[in-house]
Amino acid sequence: MNSLKATVDADLCTGCGLCESTCPEVFEVPDDVAVVIVDVVPKDAEEACREAAEDCPVEAISCE
């Protein structure tokens, strides 16, 4: 069963949009801070979600 969840630390996020371009199924940047738009990461987006977390320049994203 899939249970990967993503979170964004709003205090760290700079709103660069890298996560949204890497994994639009999970992240959006509606204003100046990224938000997670799903409760559970879809199975086919797990790899992209982890990539977004790894590539975040301020380490604001976690996927667990």
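Arg50 and Glu46 sit four residues apart in helix H2, about one turn of the helix. Helices (H or I, at least four residues) and strands (E, at least two) are DSSP runs here, numbered from the N terminus. The model is a predicted one, in which local features need pLDDT of at least 70, side-chain atom pairs count only at pLDDT 80 or more, and totals for chains, interfaces and linings use all residues. Residues are numbered from 1 along each chain as its sequence is written, and side-chain values use heavy atoms, with hydrogens and water left out.

Let's start with the salt bridges. The structure holds two of them, a salt bridge being a side-chain nitrogen of Lys or Arg within 4 Å of a carboxyl oxygen of Asp or Glu. Both are set out here:

| Salt bridge | Closest N and O atoms |
|---|---|
| Glu46 with Lys43 | 3.8 Å |
| Arg50 with Glu46 | 4.0 Å |

Glu46 counts as buried because its relative accessibility is 11%. Lys43 is exposed, with a relative accessible area of 61%, while Arg50, at 41%, counts as partly exposed.

Glu47, Glu51, Glu54 and Asp55 gather in a patch of negative charge on the surface. Patches are made of residues with over 30% relative accessible area and no salt bridge, with like charges joined within 9 Å and nonpolar side chains (Val, Leu, Ile, Met, Phe, Trp, Tyr) within 5 Å. The place of a charge is taken as NZ of Lys, CZ of Arg, CG of Asp or CD of Glu. The areas come from the Shrake-Rupley method with a 1.4 Å probe, and for residues only the protein chains shown count as cover. Glu47 belongs to helix H2 (residues 46-55), and its relative accessibility of 65% makes Glu47 exposed.

Phe27 lies in strand E2 (residues 27-28) and is buried, with a relative accessible area of 0%.

Between H2 and E4 there is a loop that holds Glu59. Phi of Glu59 is near 55 degrees, a positive value in a residue other than glycine. Most residues other than glycine have a negative phi. Glu59 is exposed, at 65% relative accessible area.

Finally, a contact across the sequence: Lys5 and Glu64 are 59 residues apart in sequence and 5.4 Å apart in space, C-alpha to C-alpha. Lys5 lies in the segment before strand E1 (6-8) and counts as partly exposed, at 45% relative accessibility.

How values were computed
Lys and Arg count as positive and Asp and Glu as negative; His and the chain ends are not counted. Buried means under 20% relative accessible area, exposed over 50%, partly exposed in between (1.4 Å probe, protein chains only).
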